[in-house]
Amino acid sequence: MYDAVVPRLLVIEDGNEYEEFATLFLADRFEVVAVHSAAEALEAAPGTDAMLIDLRFERARDEDLLGDAGEAAARLFAGDLERARRWLKEQQGTLILGALREAGHDQPAVFVHDFPPRRLANLARLYGRVGAVPTFDAAAIVRTLESLA
Amino acid sequence: MTRDEATRLAHDVGKYVARIARNAPAEGPFPAALVPMLVKDLYALPGGKRASERFVELAPDEVAMAPLHAALTEIDALEERVRAGDDEACRRACVRALEVEAALRAYAREAR
């Protein structure tokens, strides 16, 4: 499945719920590496083999968010900065994945989120090997990562 | 239910309430190692609130929500036994948590 002897799973989230879950249910398949921001993800990505990404970073500090709220407000929300900040948090996982892809990190990535099929297809078109599972289902996450490898 | 309400409920309650319930082994004694995270799923969601508390905060006042409220109320009633790792209580709480998760996910899909 992966080149590494013990594949490394990069867990990207704003809290610790994904890390807890991965440590309990995925540690027999992966060495778990957890990070909590785009900057940390970009630093940790080299040497990892797959990614498990949270979509919404509602607990993240504004200064840790990837993206320009002012630019998003002007482009998407008629200047409404508060809505733009909320949008940045709600979409932070995809923004971080975009930054990782731009930096050349093309590992298979899985979100735990119930994306509408068209949205998931769009993410795959933009970011390559991307999948999603709707719930914290360890077997489904492994299957999805394997299908993307 | 509005799309925002349904999405928020599915994320804040549905997604996290069944982390352990969905992955616990189906047979045999309920593993003691899973009890601390089951307790978090049910009684201390991200943000620290009980699943039932967060549900009450977010759920619209609709008849359709009553069975979910009942499921979460039952989960609350099991708390002492769940915290003690009682096998029957943990299993029953998992069944109810999966029902809540599935229903909230279905509502979120309908509301899209």
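1. A:Glu58 has a relative accessibility of 26% and so counts as partly exposed. The model is a predicted one. A:Glu58 sits in the loop of chain A between strand 3 (50-53) and helix 3 (69-76), while B:Arg8 belongs to helix 1 (residues 3-17) of chain B, so a pairing of these residues joins two chains. That pairing is a salt bridge between their side chains, at 2.9 Å from N to O. B:Arg8 is itself partly exposed, its relative accessible area being 21%.

2. A:Glu58 also has a partner in chain A: A:Arg56 forms a salt bridge with A:Glu58, and the closest N and O atoms are 3.0 Å apart. With a relative accessible area of 8%, A:Arg56 is buried, whereas A:Glu58 is partly exposed.

3. Another salt bridge lies within chain B, between B:Glu99 and B:Arg96, with the closest N and O atoms 2.5 Å apart. Both residues are in helix 7 of chain B, and their separation of 3 residues is about one turn of the helix. B:Arg96 is buried, at a relative accessible area of 14%; B:Glu99, at 35%, counts as partly exposed.

4. The largest nonpolar core has 55 residues. Those with the most contacts inside this core are A:Leu9, A:Leu26 and A:Leu52 from chain A, together with B:Phe30, B:Leu42, B:Phe55 and B:Val82 from chain B. Helix 7 of chain B gives the most to the core, contributing 7 residues. Apart from this core lies another, of 25 residues, which includes A:Val33, A:Ala69, A:Ile96 and A:Leu97. In soluble globular proteins, nonpolar side chains tend to be buried together.

5. What does A:Leu9 touch, leaving aside its neighbours within four places in sequence? Its contacts include A:Leu26 and A:Leu52, and among the others are A:Ala22, A:Phe30, A:Val32, A:Val33, A:Ala50, A:Met51 and A:Leu145. A:Glu31 is in contact with A:Leu9 as well.

6. Helix 5 of chain B covers residues 66-77. Its 12 residues, at 1.5 Å a residue, should span 16 Å, and the end C-alpha atoms are 16 Å apart, which agrees. The buried residues of this helix are B:Leu68, B:Ala71, B:Leu72 and B:Ile75. Viewed down the axis of helix 5, these buried residues fall within an arc of 95 degrees, so they line one face of the helix. Exposed residues B:Pro67 and B:Ala77 are carried on the face turned away from the buried side. The cover over the buried residues includes helix 3 (35-43), helix 4 (51-58), helix 6 (79-83) and helix 7 (87-111) of chain B.

7. On aromatic residues, a search of the whole structure finds 6 aromatic pairs over all chains. One aromatic cluster is formed by A:Tyr18, A:Phe21, A:Phe25 and A:Phe136 of chain A with B:Tyr16 of chain B.

Terms used: Residues numbered from 1 in each chain as written. Chains lettered and ligands numbered in written order. Predicted model: local features only at pLDDT ≥ 70, side-chain atom pairs only at ≥ 80, totals over all residues. Heavy atoms only, no water. Helix = DSSP H or I, 4+ residues; strand = E, 2+ residues; numbered from the N terminus. Expected span 1.5 Å × (residues − 1). Buried < 20%, exposed > 50% of the residue type's maximum accessible area, 1.4 Å probe, protein only. Arc of directions from axis to C-beta. Contact = heavy atoms within 4.5 Å. Core = buried A, V, L, I, M, F, W, Y, C linked by side-chain atoms within 4.5 Å. Phe/Tyr/Trp six-rings, centres within 6.5 Å; stacked < 30°, edge-to-face > 60°. Salt bridge = Lys/Arg side-chain N within 4 Å of Asp/Glu carboxyl O.
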